[in-house]
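Open your viewer and get ready to select a few residues at a time. We will walk through some stops together, with a short note on what is there.

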Amino acid sequence: MGDVMDTCLHQDPLPHWVPQTAERYLLHTETGLSIRAVARAVGCHASTVMRQIHKFESRRDDLLVDLGLKRLGKSHFQPPEDIETAKKIVLPARPETPTEEDKELEQEARRVLKRLCEPGSHLLVGEEMEQAVVLRDLPSGQSTRTAILHRSVAEVMALNDWIDCVKSGKVTLYEITPQGRAFLKCGGVSPMTTSVGFAESQAAFSSAPSSRAIEVNLRKTNLAETPLTMLSRRRDPDGNPLLTDEMIAAGERIREDFELAQLGYQCDDIWENYIYEGTYANDNPIIPFANSKHKEAHERARDALRELGQDLGDVVLRCVCKLEGLEAAEKEMGWCARSGKVILRIALSRLAAYYKHRYGEHGPLIG
């Protein structure tokens, strides 16, 4: 390493998800290290580091990339006090394996990327907004919210090239990239590299056990063609849309709650118990949710399924929340062929009425 000693200008270990290219860019811009010094520290050619630094510099116009780099620079990189100190900088420490926080962040990113795969979906974020939102265009020309997330999660997705800016302004729009789709299909890949020099192969980013069932669902399901999106384009014999905007929005709300609850605690059995028995463990299950957001989402989904009752709740759980096909649901539940869409339509109408009565015109707030 030459004159690179053992001084490290960082406050905490660098998160496992940070791309090495972003780390090298921040070492150069935040600590003042020359490109050659960064190259010596990471053990690769200076031209490789220069190319990576120029790539990130060209992305600073992207709101999320810029905010993410500023946040990392402030929390993990500090400029040296003098030239002698600059000669002793080494790379910030990284955990050998993803931390629980890294795993939770990956789960959240995968949940949002899955919604961005649906046609007409965009992620919207503003510089002064703490939250970002995913909206999907409906056939009527209106749009419905399909996911809400903290802006820091969106910054992670932008820094890893999983989303890309398509429109700038007071509100910036993003869409999923080929890298984001590949991340979903491969079951989770770490953005950080494990080799030095010119090697840029990627290492496995192990998923938390609680996301396993969701990953299986992703492999079995066409992310762009869920039963709800398919039916939203259908029309009845009179030429009217089979589903109203209110029905679609209600379906998206319960799916969002279901997925948030599943991330917090993976247990499929509880949902059927709520529908068929109306209770679970004396109506007071001891569930170790990761945080209050997951617990509140679980309670909203639980109450909605109970309100729908056995048959209507079951079809919503299967086709809207778990993304099972209508034909499979009809067969499993012993219904006549092509009756599933009629029953699902009734269920979504009841669900929309329930949300409006309980939460008001815009449904439950999720944050």
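**Stop 1: a loop residue**

Select Asp 161, which sits in the loop between α7 (151–159) and β4 (163–167). Helices here are DSSP runs of H or I with at least four residues, strands are runs of E with at least two, and both are numbered from the N terminus. Residues are numbered from 1 along each chain as its sequence is written. The model is predicted, so local features need pLDDT of at least 70 and side-chain atom pairs count only at pLDDT 80 or more, while totals for chains, interfaces and linings use all residues; side-chain values use heavy atoms, leaving out hydrogens and water.

What is phi of Asp 161? The value is near 65 degrees, which is positive in a residue other than glycine. For background, most residues other than glycine have a negative phi.

**Stop 2**

Next, select helix α14 (residues 310–321). Of its 12 residues, 10 are buried (under 20% relative accessible area, with exposed over 50% and partly exposed in between, using a 1.4 Å probe and protein chains only). The helix α14 is therefore largely enclosed by the rest of the structure. Its buried residues include Leu 312, Asp 314, Arg 318 and Cys 321.

Now move to Leu 323, in the loop between α14 and α15 (326–333). Phi of Leu 323 is positive too, near 65 degrees. Is Leu 323 buried or exposed? At 10% relative accessibility, Leu 323 counts as buried.

**Stop 3: paired strands**

Select strand β1 (residues 121–125), where 4 of the 5 residues are buried. Strand β2 (residues 131–137) pairs with β1 in the antiparallel sense over 4 bridges; strands count as paired if DSSP finds at least two bridges between them. A hairpin through 5 residues joins β1 to β2.

**Stop 4: a helix crossing**

Finally, select helix α2 (residues 35–42) and helix α3 (residues 46–57). Their axes (lines fitted to C-alpha atoms over the stretch in contact) come within 8 Å and cross at roughly 110 degrees, with angles running from 0 to 180 degrees between N-to-C directions. The contact (heavy atoms within 4.5 Å) involves residues including Val 38 and Ala 39 of α2 and Val 49 and Ile 53 of α3.
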